[in-house]
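The sequence and the structure are shown first.

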Amino acid sequence: MTQVAEIQEQTNSRDHYPTRISTEPSMIARSEPAVWGTPSDGPFDAAALERHEARGFTIVENLLGADEVAVYREELGRLSHDAQMRESGRVITERGTDEVRSVFDVHRCSAMVAELVRDGRILDRARQLLGSDVYIHQSRINSMPGFKGTGFYWHSDFETWHAEDGLPIPRTVSCSITLTENFPFNGSLMVMPGSHKSFVQCVGATPENNYASSLVSQEVGVPRREDVTDMAAEYGIEQFTGAAGTALWFDSNVMHGSGNNITPFPRSNIFLVFNSVENTLVEPFAAARPRPDYIASRDFTPLG
C-alpha cells in the first residue's frame with residue numbers, strides 16, 4: 001500500500017462520509033439539513049426554505065440587472081487575459097486549446113467580485129441557508145465557449161471538497177449567476193432534485209496533485225454509471241436555464257453535471273461557494289495534502 005493510500009485509509013476510519021475507496025461503494029444517507037436558518041434570518045420565506053430543503057436548490061430570477069451582467073462579463077474577459085492570473089495557475093483552459101474554462105479566486109483578484117460577495121442580495125441568502133456567518137470557500141468564473149466548450153461529468157461538489165479540501169460536512173452552498181443566457185442546448189447545468197440527501201461514495205485513490213487535471217476533466221471522484229442511473233431513476237433530472245442575471249443556489253451535495261456546448265452560443269457564470277464558519281476545513285479526508293488556497297480557501301474570516 002502506498003503512503004498516500006495509507007493516509008487516506010487512516011483518515012477514512014474517522015470519516016462520516018468516506019470516499020475514494022477500494023471496496024464496493026454505497027450511498028450514505030445524509031444526516032445534516034440543507035437549510036440551517038429560518039424565515040426570519042433572510043430573504044427566503046418559509047415556503048422557499050421548505051422547497052430548498054426538499055430539492056436541494058433554488059432559482060432566483062433577475063438577481064442581477066442587465067447593466068450589472070455586462071460589467072461582470074467584461075471583468076471575465078479582463079481576468080481571463082491577465083498574464084499574472086495565468087502564470088499563477090488560476091486560469092484553467094480547455095484541454096489542447098487556449099479557450100478559458102475557469103478563472104479561480106476571483107473574489108480576491110477582482111474588487112468588483114469582492115463587492116458582489118458582500119452584496120445583501122447574495123450574502124443575506126447565504127447566511128440564511130447556512131444559519132451562520134459565512135466565508136468564501138471557493139470563487140470562480142466558468143466559461144463554456146461556443147463549439148469548443150466541454151461539459152462537467154456528473155458529480156457532487158461536496159465529494160471533492162470533502163476528499164481533497166477537508167470540508168467536514170455539507171454545510172456549504174453555491175451560488176451560480178449566469179452572465180449569458182442559458183439555453184437547454186448550450187451546455188446548461190443539469191441537476192437531480194433531492195439527490196443532496198444521499199452521499200455517493202466514489203472508487204479510486206486520489207492521485208498526487210489531482211487538481212491539475214481534474215479541473216479540466218474530472219476522472220477521480222465521480223460516481224459509477226450504475227449509481228448515476230439509479231439516482232436519475234429516483235430523483236429525475238432538471239436543467240437550469242434562464243436569462244443572464246439568473247442565480248441558482250444549490251447545496252454542495254447535489255448531483256449535477258453538464259454536456260458539451262456545440263452551439264455558437266457561449267455560456268458563462270460567476271460561481272461563489274459559501275461555507276459556514278462553523279464548518280471550516282481540516283486535513284483532507286482522501287488526499288495526501290490540501291489543494292492550493294486559490295482553489296480551496298483557508299481564510300475563514302467571516303464576510304461582513
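In this predicted model, Arg108 counts as partly exposed, because its relative accessibility is 35%. Its salt-bridge partner is Asp293, and the closest N and O atoms of the two are 2.6 Å apart. The pair links distant parts of the chain, since Arg108 belongs to helix α5 whereas Asp293 lies in the segment after β13 (267–276), 185 residues apart. Asp293 is likewise partly exposed, with a relative accessible area of 36%.

**Salt bridges**

The model contains 19 salt bridges. Side chains of opposite charge can pair when their charged atoms come close. Three of these pairs are set out below.

| Pair | Closest N to O distance |
|---|---|
| Glu164 and Arg20 | 3.0 Å |
| Arg108 and Asp293 | 2.6 Å |

Glu164 forms its salt bridge with Arg20. Glu164 is placed in helix α8 (residues 157–165) and Arg20 in the loop between α1 (3–12) and β1 (27–29), so the bridge ties together parts that are 144 residues apart in sequence. Buried means under 20% relative accessible area. Glu164 has 3% relative accessibility and therefore counts as buried; Arg20, with a relative accessible area of 3%, is buried as well.

Asp105 counts as buried, because its relative accessibility is 4%. The backbone of Asp105 has a positive phi of about 65 degrees, although the residue is not a glycine.

Phe147 is another residue other than glycine with a positive phi, near 70 degrees. Phe147 lies in the loop between β5 and β6 (152–156). Is Phe147 buried or exposed? At 58% relative accessibility, Phe147 counts as exposed.

In soluble globular proteins, nonpolar side chains tend to be buried together. The largest nonpolar core has 36 residues, of which Val103, Leu116, Ile122, Ile177, Trp249, Leu272 and Phe274 touch the most other members. Two or more residues each come from α3 (66–80), β4, α6 (111–117), α7 (120–130), β5 (134–144), β7 (172–178), β11 (247–251) and β13. Which element gives the most to this core? That element is α7, with 5 residues.

For Leu272, the contacts beyond four places in sequence are with Val113, Leu116, Val117, Ile122, Gln138, Ser139, Val173, Ser174 and Cys175.

**Helix α2**

Helix α2 spans residues 46–55, and within it Leu49, His52 and Arg55 are buried. Viewed down the helix axis, the buried residues of α2 fall within an arc of 145 degrees, so they line one face of the helix. These buried residues pack against β2 (57–60), α7, β10 (238–239) and β11. The face of α2 turned away from the buried side carries the exposed residues Ala47, Glu50 and Arg51.

What caps the N-terminal end of α2? Asp45 does, through a side-chain oxygen that lies 3.2 Å from the backbone nitrogen of Ala47. After α2 comes Gly56, which has a positive phi near 90 degrees.

**Ser258**

Ser258 is found in strand β12, which covers residues 255–258. With a relative accessible area of 8%, Ser258 is buried. Leaving aside residues up to four places away in sequence, Ser258 touches Met144, Gly151, Phe152, Gly187, Ser188, Leu189, Met190 and Arg267. Ser258 and Thr150 are 108 residues apart in sequence, while their C-alpha atoms are 8.4 Å apart in space.

Methods: Residues are numbered from 1 along each chain as its sequence is written. This is a predicted model: local features need pLDDT of at least 70, side-chain atom pairs count only at pLDDT 80 or more; totals for chains, interfaces and linings use all residues. Side-chain values use heavy atoms; hydrogens and water are left out. Helices (H or I, at least four residues) and strands (E, at least two) are DSSP runs, numbered from the N terminus. Buried means under 20% relative accessible area, exposed over 50%, partly exposed in between (1.4 Å probe, protein chains only). Contact means heavy atoms within 4.5 Å. A salt bridge is a side-chain nitrogen of Lys or Arg within 4 Å of a carboxyl oxygen of Asp or Glu. A nonpolar core is a set of buried Ala, Val, Leu, Ile, Met, Phe, Trp, Tyr and Cys residues joined through side-chain atoms within 4.5 Å. The arc is that of the directions from the helix axis to the C-beta atoms. A polar contact is a pair of N or O atoms within 3.5 Å; within protein, one must be able to donate a hydrogen and the other to accept it, and residues adjacent in sequence count only if both atoms are side-chain atoms.
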